[in-house]
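Q: I'd like to learn how to read side-chain features off a model. Can we go through some together?

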Amino acid sequence: MDERTRYEAVSSRDARFDGAFFFAVVTTGIYCRPSCPAVTPKRANVRFYPTAAAAQAGGFRACRRCRPDAVPGSAEWNVRADVVGRAMRLIGDGVVDREGVPGLAGRLGYSARQVQRQLNAELGAGPVALARAQRSHTARVLLQTTGLPVTEIAFAAGFASVRQFNDTIRRIYARTPSALRAEAGTGLGGGRGAGLRAGIPLRLAHRGPYATGALFDLLGERAVARVEEMAGPPGRRTYRRTLRLPCGMGIAAVDEASPGPWLEARIHLTDLRDLTTAAQRLRRLFDLDADPYAVDEALAADPRLAPLVAARPGLRSPGAADPEEEAVRALVGRERAAELVERYGKVLDVPCGALTHVFPEPGVLAGAVTDPALRTLATALADGELRLDAGADREEAERALGTLPGVDRRTAALIRMRALGDPDVDPYGTAGAERWRPWRSYAVRHLETAARQPQISAPSQAPATSRQAKSSTSTA
């Protein structure tokens, strides 16, 4: 996108571009999302930034009306497999907060200086600034949804000191933490532990249409007993699951019905430092940072897929809340996975309804199971020979999977599609699938959904006889 196109998006308050870029107004010192409802500023007073962190580094504070820190993430980071894309996924998962910039660089296979230079050059902010912007958003959520003391929130959000926390909140939001809390009326909250007992309410934003029913159908069909459950009637279901997180465990609940462009969620945590990571993993599971406009436009150009796209606009290709768990499930299937949970899963200190366990860690499975294929996979994951984290190299991971006994090409591709969230995978070798690039994962989801719900099906002609669709592009 050039700056003229960006300004047109701002002038039309086009929500499709929320998260794709941010704009700042030099006369007010404020930065916003493109769909901000405020009066459109003069073009001469507008500056554009690729990330919120870059706008903050430029000295701008967040708009109070449009809350630019709460937009969906850029869909670009799902698609890209280069160092910058992998780095953004890792930063979103909280790696910089836990391991610092050296830890981020080590996972990417580059020096800290190289990572810093590439992120600064492309995004206008380095890994520390990007992580700080994310910490600020986490802090705002905790301030406005829990009654936890401010000092606890500072460290739970990942800040090194209360002073750093206070300074950052003032710079980004132009208010003190207490004032930010008062806006949501939580100043008289329940005190220590409130966020753990009641759960932290979140609105997980997405852009464009969202075929919620189809995704909840899939999650319900694949749910593994004791770690997942689906409750409620269609249209008003709630998906719940346990989470294994860096600092502890959690339980997440996500509602199917929503009054706006978001999914309502609640997260219960044993350690609040895991909030950012838990939220990001839910975003990947529900594919909330996707660009449905670009996906639907491209796939609708194919006669085979056009009626499916029209029937289910915004169909998502779900990822995984735990990539290592997803790899094991892809190998052994749902029933065997449930047996593994019952036998080797970690029992929750306090069961929550039908949720009683956390999926077993690879190290536990590697030392316990006798199935040679599963044992080899679990050992490779536990030893780090196979990496499936948010910043994993997808090509390298699929090659490594292909060397493991019992992991065939289809299973490796399914793991790449779900565990690594790759939007361009065809595990089944579908005829004519090349025309669906770079959105083959979404095309596969449309075909799978149509097979389960045959009242809306694809035309009878084979894809090989379909006319070549004209390629289309999207700037969103």
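A: Cys247, at 33%, is partly exposed, whereas Cys36, at 4%, is buried. This is a predicted model, where local features need pLDDT of at least 70, side-chain atom pairs count only at pLDDT 80 or more, and totals for chains, interfaces and linings use all residues. Residues are numbered from 1 along each chain as its sequence is written, and side-chain values use heavy atoms, with hydrogens and water left out.

Q: How many disulfides does the search of the whole structure find?
A: A disulfide is a covalent bond between the sulfur atoms of two cysteines. The cut-off is a pair of cysteine sulfur atoms within 2.5 Å, and the search finds zero. For Cys36, the nearest cysteine sulfur belongs to Cys66, 3.8 Å away.

Q: And how many salt bridges are there?
A: Side chains of opposite charge can pair when their charged atoms come close. The rule asks for a side-chain nitrogen of Lys or Arg within 4 Å of a carboxyl oxygen of Asp or Glu, and that gives 43. One network of them links Glu76, Arg80, Asp82 and Glu122.

Q: Which residue pairs with Glu339?
A: Arg336 does, with 3.4 Å from N to O. Both sit in helix α17 (residues 334-344), three residues apart, so about one helical turn separates them. Helices here are DSSP runs (H or I, at least four residues), as are strands (E, at least two), numbered from the N terminus. Arg336 is partly exposed at 29%, and Glu339 is partly exposed at 45%.

Conventions: Buried means under 20% relative accessible area, exposed over 50%, partly exposed in between (1.4 Å probe, protein chains only).
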